[in-house]
Amino acid sequence: MIPAVLAAAAEGETHNPLIPELPDLVWGAVVFVLLLVFFWWKILPSLKKLLDDRAEIIEGGIKKAEIAQAEAAAALDKYTDQLAEARAEAGRIREQARQDGTKILNELKDQASVEAARITANASASIEAERQAALVSLRAEVATLAIDLASGVIGQSLSDDKKAAVLVDQFLADLEASEATAKKSGK
Amino acid sequence: MIIRLLVLVAIVLFFSLALRKRSIVPGRMQSLAEMGLDLVRVNIAEDLLGKKDGRRFLPLLTTIFFMVLIMNITGIVPLLNIAGTSVIGVPLLLAVIAYVTFIYAGVKKHPGAFFKNSLFPPGVPLPLYLIVTPIEFVSTFILRPVTLTLRLLMNMIVGHLLLVLFFLATSFFFFQADGLFKFFGIGTFAFGIVFTLFEILVAVLQAYVFTLLTTVYIQLALADEH
């Protein structure tokens, strides 16, 4: 190492470093031209293409992400709509059910009252019928009694018209009174 | 000039391999290559020149950046040990290329008016042109390439000299000095390592500065008024 350096130093003494040597210039120029060509036609175009490709991919990725986001938002909207719809539907059904329930209740009430009225009517009808029956049998009895009375009256003397008339009047009054009580109790 | 060819092969191999697959999700090597290319593309070209002009000059700027960077790095690569840019050829060549490029950009953008605008900036009182024009001429058309060349060249030469100095001293102290002087070797060796790391920083920084300045010159040439 030392001899080489010393030799170089010795050379430096004899040669001014500011004066270029011809081979130095020539080789430098050759290297420069080759490097320029290399960078100009090979490296920089390929770098440009690389950067373009990368930018394209990144932009593509961003676009894809945006599309996916939009789709997701649309799906969310759809689901929200569906959910609201379902809620409304459920509310409607509940309302319908409540109305139906009320209607059924009212119908049942009506039916019950009708039934009650019918039963009441039946009862009163049968009571009336029984009363009529009682009345009929009573009438028959009254007729027999009247006949008995009449025969009694006829058996007795018919001379005293006044007595007979009083008797008949009294009997009829009794009869009416008894009928009135019977009617009252029947009601 | 074997270093130049090695650099050429290294750059071509690295980028070919790194961008061979061009997968959308980059691997380690591809990430590294993309990081380097993006540094030039976004931070230098597009920031200063805008998207359209940035794309026009991108191949040139990329080439300058990586050529300078890798040739700087060779200064600390074992067995190479000398920066490709520490000989005046490459810095001068690249400076001339930058020079031609920004003049070309200016002439193309403002045909006929570029030199006039550069040498006679509008809005200056007439008598002042006596002073302004020579200054503008010297700074724009003479000093720019010279400073580009010398900044890079001197950084690399000095870095190289420092490293040589430290490691030679280390060698001297270890093998030829007597007694306690051997311990100085440890110090010089440590400094050698530190400066090696520093050289990496300088290598990246100088490549960046060189490219950035070239871009700024192009930008100034493209500007509508200056």
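Colleague: Is H160(B) buried or exposed?

Modeller: In this predicted model, H160(B) has 21 other C-beta atoms within 10 Å. The cut-off for a buried residue is 20 or more, so H160(B) counts as buried.

Colleague: Which helix of chain B holds H160(B)?

Modeller: The place of H160(B) is in a helix that covers residues 129–175 of chain B. That helix is α5.

Colleague: Leaving aside neighbours within four places in sequence, which residues is H160(B) in contact with?

Modeller: Contact here requires C-beta atoms within 7 Å. With the sequence neighbours set aside, the residues in contact with H160(B) are G75(B), I82(B), A83(B) and S86(B).

Colleague: What separates the C-alpha atoms of H160(B) and G75(B)?

Modeller: G75(B) is one of the contacts of H160(B). The two residues are 85 residues apart along the chain, and their C-alpha atoms are separated by 6.7 Å.

Colleague: Which element gives the most to the side of chain A that touches chain B?

Modeller: On chain A, 28 residues are in contact with 28 residues of chain B. The elements giving two or more residues to that side of chain A are α1 (2–14) and α2 (22–155). The most, 22 residues, comes from α2(A).

Colleague: How many residues on that side of chain A are nonpolar?

Modeller: By class, the side of chain A that touches chain B has 4 charged and 2 polar residues. Its nonpolar residues number 22.

Colleague: Which element of chain A has the lowest mean pLDDT?

Modeller: Chain A averages a pLDDT of 82, and 85% of the residues score at least 70. Among its elements, α2(A) has the highest mean, 88, while the lowest, 51, belongs to α1(A).

Definitions and conventions. Residues numbered from 1 in each chain as written. Chains lettered and ligands numbered in written order. Predicted model: local features only at pLDDT ≥ 70, side-chain atom pairs only at ≥ 80, totals over all residues. Contact = placed C-beta atoms within 7 Å. Helix = DSSP H or I, 4+ residues; strand = E, 2+ residues; numbered from the N terminus. Nonpolar A, V, L, I, M, F, W, Y, C, P; charged D, E, K, R; others polar. pLDDT = per-residue confidence, 0-100. Buried ≥ 20, exposed ≤ 12 C-beta atoms within 10 Å, placed from the backbone.
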